[in-house]
Amino acid sequence: MANEAQKALIRRLDLVAALDNDDREALARLPILVREVGAGVDIVSEGQHVTQCCILIDGFTHRYRHTFEGKRQIIAFHVPGDIPDLHSLHINIMDHSFAATTRSLIGFVPHEAVWSLCVSRPNVAAALWLETLIDGAIFREWIVGLGRLSGTSRTAHLLCELAMRLRSVGMAPENVYRIPLTQHELADALGLTVVTVNRVLQELKLKGLIERERSRLVIKNWPALARIGEFDPDYLHFRTGVDMIGGSPPAT
């Protein structure tokens, strides 16, 4: 199973960086301990001292913070291959919590092993640095959405983003996406009420843009949904010339 963690990490870094075979072999030798985490369970909690990085192998995870009143704000979602707490290499006291959205397989790699890899393989170090920069780019996109887009637009944007990120790692066969988020989780990420999220999803469905049943999502009209969400995938920084697994999102 540890081998699957290395494969997921290599596949992710190949999307954004030009790795050579020696880089991939070095990544494949990383010591990784795999653990299953149940839905809703914290993988790392706010205030915790962290000595290892996490790689999401299978499942779905999110990062979040609570206000003093106990209200949750989800600040990121993660798909397989992501390294949600890579920043802990430099900031090893967590200022937010990281939890499994669904049952997930997580690979844990000691900071020492990551640092050693960065020293021996500068190209890998650059790729991991790029990962943290892309993480920041996604945060900036979310901030613009929360501050300036309507509830309908920010919902459409999030659905497009997650669909493209899932598709890039081969998790959208025939344009069907499994986005295992409840309306409560969508509301906590979008800064909306559950009632508003329900209404927006129904509106998008009635317009013929999506079909959604539990965690199964079909985007029936990608251009229209992307236009409503003001979605431009450039901020995800997939490498030019790298084909997304399964192809590009459907035109109609």
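Predicted model: local features only at pLDDT ≥ 70, side-chain atom pairs only at ≥ 80, totals over all residues.
Student: What percentage of the residues of the protein chain count as buried?
Tutor: Buried means under 20% relative accessible area, exposed over 50%, and partly exposed in between, with a 1.4 Å probe and protein chains only. The chain has 252 residues. The buried part is 50%.

Student: What is the radius of gyration of the protein chain?
Tutor: The chain holds eight helices and ten strands (DSSP runs numbered from the N terminus: helices are H or I with at least four residues, strands E with at least two). The globule rule is 2.2 Å times the number of residues to the power 0.38, and the radius is taken over C-alpha atoms. For 252 residues the rule gives 18 Å; the chain's value is close to that, so it is as compact as a globular protein of that length. The radius of gyration is 18 Å.

Student: How far apart are the mean positions of the positive and negative charges?
Tutor: Lys and Arg count as positive, Asp and Glu as negative; His and the chain ends are not counted. Each charge is placed at NZ of Lys, CZ of Arg, CG of Asp or CD of Glu. With 27 positive and 29 negative charges, the mean positions are separated by 6 Å.

Student: What is the angle between the planes of Phe 60 and Phe 77?
Tutor: Rings of Phe, Tyr and Trp (its six-membered ring) pair if their centres lie within 6.5 Å; planes under 30 degrees apart are stacked, over 60 edge-to-face, the rest tilted. The structure has four such pairs. Phe 60 and Phe 77 make a tilted one, 5.8 Å centre to centre, with a plane angle of 45 degrees.

Student: How many residues apart in sequence are the parts that this pair ties together?
Tutor: Phe 60 is in the loop between β3 (52-58) and β4 (61-66), while Phe 77 is in strand β5 (residues 72-78). The pair therefore links parts whose separation in residues is 17.

Student: Which residue forms one aromatic cluster with Phe 60 and Phe 77?
Tutor: Phe 60 and Phe 77 are both buried. The cluster also takes in Trp 142.

Student: Which residues does Ala 17 contact, leaving aside its neighbours within four places in sequence?
Tutor: Ala 17 sits in the loop between α1 (2-16) and α2 (21-28). Its relative accessible area is 10%, so Ala 17 is buried. The contacts are Ala 127 and Arg 239.

Student: What is the phi of Arg 214?
Tutor: Arg 214 lies in the loop between β9 (210-213) and β10 (216-219). At 78% relative accessible area, Arg 214 is exposed. Arg 214 is not a glycine, yet its phi is positive, at about 55 degrees.

How values were computed: Residues numbered from 1 in each chain as written. Heavy atoms only, no water. Contact = heavy atoms within 4.5 Å.
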